[in-house]
Amino acid sequence: MMDAFKLILRLDRYANLELERSYWLSGDNADEGPSYCLECAKKELAKGLGEYISGGEYAQECDTYEQCYMCAKMLDYHLTDHGAEREYDWLKYKRFKRLGRDNAYMVARILDSDHHNKKYMRLAERAAKGIKR
Ligand SMILES: [Zn+2]
């Protein structure tokens with residue numbers, strides 16, 4: 001059995017996604033709920049939806065994968081325990097004959113949330129078999 005760190009590295013290398021971190025709008029009359037890519041955050045700020053842009057320093061901890069509220073671009077994320085469990089439920093019956101890059105990234109985040117979780121390890125091992133050499 002491979003160790004969790006090696007599996008995560010392998011899946012992340014395969015995913016090869018350079019994801020932007022998430023940003024949100026802050027200050028008076030800002031809705032801090034939605035996450036944006038920097039470009040969309042700037043556009044929303046220009047519309048007067050908030051006073052300044054926050055975020056971008058680290059990947060957000062999320063209950064699901066992270067994407068820009070405006071353009072739906074995938075953003076960098078970590079999963080909370082609840083989020084990992086939810087995404088695991090979504091992927092547990094999935095066949096990884098051809099592992100998609102987004103799925104590789106998500107499986108890596110699921111395992112990254114708990115390196116000692118056996119079912120997450122099994123999911124990651126199964127996903128890693130779908131990596132095209
Ligand atoms: Zn965007």
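Guide: Helices here are DSSP runs of H or I with at least four residues, strands are runs of E with at least two, and both are numbered from the N terminus. This is a predicted model, where local features need pLDDT of at least 70, side-chain atom pairs count only at pLDDT 80 or more, and totals for chains, interfaces and linings use all residues. Residues are numbered from 1 along each chain as its sequence is written.

Visitor: How many helices and strands does the chain have?

Guide: The chain has 5 helices and 6 strands. Their order along the sequence is α-β-α-β-β-β-β-β-α-α-α.

Visitor: Which domains are assigned?

Guide: Domain 1 covers 1-16 + 80-133 and domain 2 covers 20-75, with bounds from an automatic or database domain assignment. Their C-alpha centres lie 26 Å apart.

Visitor: And how many residues from each make the contact?

Guide: Domain 1 gives 7 residues and domain 2 gives 6; contact means C-beta atoms, placed from the backbone, within 7 Å. On the domain 1 side, α3 gives the most, with 4 residues.

Visitor: Switching to α4, what does its length look like?

Guide: Helix α4 (residues 101-113) has 13 residues and should span 18 Å at 1.5 Å a residue, and its end C-alpha atoms are 19 Å apart, which agrees. The expected span is 1.5 Å times one less than the number of residues.

Visitor: Which of its residues are buried?

Guide: Among the buried residues of α4 are Y105, M106, R109 and L111. Buried means 20 or more other C-beta atoms within 10 Å of the residue's own, with C-beta atoms placed from the backbone.

Visitor: What do they pack against?

Guide: The buried residues of α4 pack against α1 (4-15), β6 (77-79), α3 (81-91) and α5 (118-129).

Methods. A residue is buried if 20 or more other C-beta atoms lie within 10 Å of its own, exposed if 12 or fewer, and partly exposed in between; C-beta atoms are placed from the backbone. Two residues are in contact if their C-beta atoms, placed from the backbone, lie within 7 Å.
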